[in-house]
Amino acid sequence: MYLVIKNNADEVGQFAANYIANKINQFNPTQSRPFVLGLPTGSTPLKTYQNLIKFYQNKDLSFENVVTFNMDEYVGLSENDEQSYHYFMQENLFKHIDIKKENTHLLNALAKDLEAECASYEEKIKKIGGIRLFLGGVGEDGHIAFNEPFSSLTSRTRVEALTQSTIHANARFFGGDESKVPTKALTVGVGTIMDADEVLILATGKNKAKAIKQAVEGAISHVWTISALQMHPHTMIVCDQEAASELCEDTVDYFCSRL
Ligand code: GLP
């Protein structure tokens, strides 16, 4: 695992967007050999998306041959629902770039058979050859995608019940009303994320400090599902100083001296 500590959320967004753009450009994707990118929602990746849009506008990056798979979606929300992750992706990234609609994949949380939908999502990822780079955020309780505490660290795409802590944290997107937050979501599993060639996790703000401490210094445990990434050969966490604020001084010194 590699850890990069930036001064603030703006720098995290710039760093992550640069990193992703370089990866895509170096890969030089074509229609028959697309770059497959895993994507999150939430407030953390917004600055990264804004920077990626700027790269596209400045003609430094094209998404023409990029295929995306989103991490998760709330069960029961339609893609036109402003709180759905479909809507979020459309508004905050897809409509601003040259990505082809057929190249974007999100779980259909209105599917009649949710389990079949999850199995088919895994199949689609497998068929395209896997995810090259999975970008993610982290919940306050250390969840990645919607893999809540005590999710199996080998879990695959499935329906997951949200914890009270996540419902509370995400209520801010639903006018602060917890009763409006769906109680279930479709999510890629920890195992699905672990299968990606590379994982890039972003964390900003003091409310993520505990999760980052557990991710970097804690034991691998299903209590903090992000800690599974310690077993991944190419994981990088990029956080700001607030999110790094609970790390031991020695940990910070170690990673800063490696830069
Ligand atoms: C949700 C999403 C996660 C995201 C987390 C943190 O629970 N399912 O993928 O990482 O929220 O979101 P934020 O970046 O808004 O703090």
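A polar contact is a pair of N or O atoms within 3.5 Å. With that in mind, let us look at the ligand site of this predicted model.

**The ligand site**

The ligand is surrounded by 14 residues, and the closest are Ser 43, Thr 44, Asp 72, Arg 172 and Lys 208.

| Residue | Ligand atom | Distance |
|---|---|---|
| Thr 44 | oxygen | 2.4 Å |
| Asp 72 | nitrogen | 2.8 Å |
| Arg 172 | oxygen | 2.7 Å |

How much of the ligand does the protein bury? Taken alone, the ligand exposes 390 Å², and the protein buries 95% of that.

**Helix H1**

Next comes helix H1, which runs over residues 9–27. At the start of H1, a side-chain oxygen of Asn 8 comes to within 3.2 Å of the backbone nitrogen of Asp 10. After the helix comes Asn 28, with a positive phi near 50°.

Buried residues in H1 are Val 12, Gly 13, Ala 16, Ala 17, Ile 20, Ala 21, Ile 24 and Phe 27. These residues cover an arc of only 150° around the axis, which means that they sit on the same side of H1.

**Cysteines**

Finally, the cysteines: the whole structure holds zero disulfides. Cys 256 is in no disulfide, and the nearest cysteine sulfur, belonging to Cys 239, is 9.4 Å away. Cys 256 counts as partly exposed because its relative accessibility is 39%, whereas Cys 118, at 2%, counts as buried.

Note on methods
Residues are numbered from 1 along each chain as its sequence is written. This is a predicted model: local features need pLDDT of at least 70, side-chain atom pairs count only at pLDDT 80 or more; totals for chains, interfaces and linings use all residues. Side-chain values use heavy atoms; hydrogens and water are left out. A disulfide is a pair of cysteine sulfur atoms within 2.5 Å. Buried means under 20% relative accessible area, exposed over 50%, partly exposed in between (1.4 Å probe, protein chains only). Helices (H or I, at least four residues) and strands (E, at least two) are DSSP runs, numbered from the N terminus. The expected span of a helix is 1.5 Å times one less than its number of residues. The arc is that of the directions from the helix axis to the C-beta atoms. A polar contact is a pair of N or O atoms within 3.5 Å; within protein, one must be able to donate a hydrogen and the other to accept it, and residues adjacent in sequence count only if both atoms are side-chain atoms. A residue is near a molecule or strand if one of its heavy atoms lies within 4 Å of it. Accessible areas come from the Shrake-Rupley method with a 1.4 Å probe; for residues, only the protein chains shown count as cover.
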